[in-house]
Amino acid sequence: MNLVGYVIRRLILVIPTIIGATLIVFLLTRAGGTNMIIAAYLNPRIPYAVQKAALVAEFHLNQPLYIQYFYFMNGLLHGNWGYTRTGIFSGPVTTAIGIYFPNTIQLAIVAFIIAMIIGIPLGTIAAVRKDTWVDQITRVIAFIGISLPIFWLAQLLQTYLGTPQGIKIFPLQGTVSSIYLSGIPWINNYGVSSPTHIMIIDSLIHGNLPIFFSAVDHVILPAITLAFFTLAGIMRYMRNSTVEVLNQDYVKFARAKGLAEPRVIKKYARRNALIPVVTISGLTLASLLGGAVITETVYGYPGIGYWTVQAMQNFDAGGILGATLLFSFTIIAANLVVDIIYAYIDPRIRLGE
Amino acid sequence: MSGMNTILKVEDLKTQFVSWNGLVKALDGISFEIRSGECLGLVGETGCGKSVTALSIMNLIPETSGAVTGGKITFEDYNLVETQMAACKVIQTKTKPRLKVRRSKIKENSRKMNKIRGGMLSMIFQEPMTTLNPVMTIGEQITDVLYAHQISELTQRIIARKSITEEELRVIYKHCVEGNDLKFLFDFVDLNNGLKGIVPQIEFIINRKDITNYRKKKMISDLFDKDRSVPTQINRLKVWKSIRVPRFLPPLLKQEAEKVAIELLSKVSIPEPTKVIIQYPHELSGGMRQRVVIAIAIACNPHLLIADEPTTALDVTTQAQILDIIKDLKNIHSMSILFITHDLGVISDISDKVAVMYAGNIVEMAYTENLFERPKHPYTQGLLKSIPVYEQKKTELAAIPGSVPNLVHPPEGCRFNPRCDHVMEICRTTKPVMTEVEENHSVACWLYSKKEEK
């Protein structure tokens, strides 16, 4: 098919998007002024004026903007994303991303899988049984999920599932029980496991079941919190698009062919109904990967959102810049993946000339 | 004509829809019948219940919006409305009407209907652009209906064919070898003299002790793959009788279903059917799509084909081609057809009999010639007058004033009375019944029954 050609065309389109994204992030940081850029590099023991001249020269801040952008891009491409200095980590931004991003990936994917597994079938059932009690109940669940503030839901779950006040099943903080943070050869000082940096996978690779169960335990509460919110949107989207598809002529024609109802739903309705849902879920996954700031903060879960909050509180321009760039790249990548899945599901897209 | 048996009989069919404004009485007791091999045209303006009639027969009225509330539809030996009416009822509450749905009955009904729909009774929809599923290939959509109704026919086709294809041989060998059914393999080889030469080789491989079973299987299947002398003329019947057919069916069925699909596509004169079968609907033009829809509808040789405005969305030349296909179906395959349209030209071309519908009632029914030459009902006369004719292009085109009434509160008496030129006192109070005014020509209008009464 011309699916390959489509993917190549789509990949080429990514380049201008990345240039645009970096340009905006670059201009925003420059708008903050010189001091904000060099703040992370200042040494309090040396007079400010001496350092400033040296740093301005080092970062080419006296050059025109387009030259500065060139140096900025050059740094990005060579892995030099600047420095971050916050209470939880000081060092290169890339290292910080290496520490915190895998945790977010782990959380986002678990939350996303929970949301999809529950949301898609519930949405379909709600559409098939439109205006019956099933539909009403899922509607109420969706409204609760969307309107409940995340921090409150997080604290409710913590209180009733994490403390002796309710039933203490789940731990409250972190990615893994603190007893495992020292003395395990494949976990370093920052609590980062190797080789994949994702604790659940690494513990399985090393065959360490206690750490695996501990990591799963730690991810469940924040994942449920995020999933509940995500689930609500996906479920409603699925329900509405299925209702729409069920009214289409081709579904009526499928019934007129004498196909059994489950087959009509599964083969004729679902794939069409999924097309808009793919878009929304791809973007949802991207925003989950961008860091669930509130959830990660409430649960003290060391992910990218948690780190971003730390960077903001510390006026850490390097950290904010890094997080913003990472977030925009994630969104670009998610869009790309969504478009490719789209083309796979819907053959009409592949034509797009 | 009297020798022909009735294939579809609709008696006093009533269908109602529930809406915010109240009960929509979409069909108000219509009756007609179609005899085997006959084409009945159903004409009328938009919104007078033509499509609802078709959907009621197919049991496709969505249970969330409406239901058949009375009457009887007999298709061959089946009563099509019995379970449907039990499954979904309209009940009047104080404020507004409501639908009472019984899930178990709906399941029972669709299980019953699914045996009939698509098989003996099938339907072509109006919009070829939206009738085909955009994300499935044409082939998948055709084979789906074959799997639903024609498994036994497909099996018979596979068994009845004289020659065996090499692909099929490979499927059989794969099953035998992978399923470790070597006994069958020997039987199979025994039956086919052409294969005798490789029996010793197979026996030799089987008897070797130094290699694993996996390796043996691989070597045997290689033997078949390499052997180009495999005869393709084999007595299939003997072969099939000797084996338990169902085990080999799924892959063979798929091949066979695709072959049938290609035959169907060429039946509706689609060029290059082998190419079309792997295409998606959006790659075809409107006319081609409608042909595919027709191919799907006639896939299982239906006894009755309902065509709901099949040519309305097409341009005139395509329309003529589609009509030719439908005429062929009627003449060559003697299919009964219920042809729904608002286009009187099309009707005069294709149907034997015409029923004119107005606001949920049939107002006139006659043989096509009689109806066009001697229309009785004022509505039919109005319709015929509003056809543009070349010679009359200087004069203004006649039109029936007004439009189809709101069916929530239809006019009392004859539903056509507000628009009728010949309206009388009785028209406003009492509904006329169908009366036969000439042989095989009946009409529901007080203009004609009045004379008899007096």
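Me: Which residues of α1(A) are buried?

Reply: Buried means under 20% relative accessible area, exposed over 50% and partly exposed in between, with a 1.4 Å probe and protein chains only. Helices are DSSP runs of H or I with at least four residues, numbered from the N terminus. In this predicted model, the buried residues of α1(A) are A:Y6, A:R10, A:V14, A:A21, A:T22, A:V25, A:F26, A:T29 and A:R30. Residues are numbered from 1 along each chain as its sequence is written, and chains are lettered from A in the order in which they are written. Local features need pLDDT of at least 70, side-chain atom pairs count only at pLDDT 80 or more, and side-chain values use heavy atoms, without hydrogens and water.

Me: Why does the span of α1(A) agree with its number of residues?

Reply: The expected span of a helix is 1.5 Å times one less than its number of residues. The 29 residues of α1(A) should therefore span 42 Å, and the end C-alpha atoms are 42 Å apart, which agrees. Just after α1(A), A:G33 takes a positive phi of about 95°.

Me: How does one read the packing of α1(A) and α4(A), and what is the angle?

Reply: Two packed helices are described by the angle between their axes and the distance between the axes. Axes are lines fitted to C-alpha atoms over the stretch in contact, and angles run from 0 to 180 degrees between N-to-C directions. Here α1 (residues 3–31) and α4 (residues 65–77) of chain A pack at about 115°, with axes 11 Å apart.

Me: Which residues of α1(A) and α4(A) meet?

Reply: Contact means heavy atoms within 4.5 Å. Among those that meet are A:F26 and A:R30 in α1(A), and A:Y69 and A:F72 in α4(A).

Notes. Helices (H or I, at least four residues) and strands (E, at least two) are DSSP runs, numbered from the N terminus.
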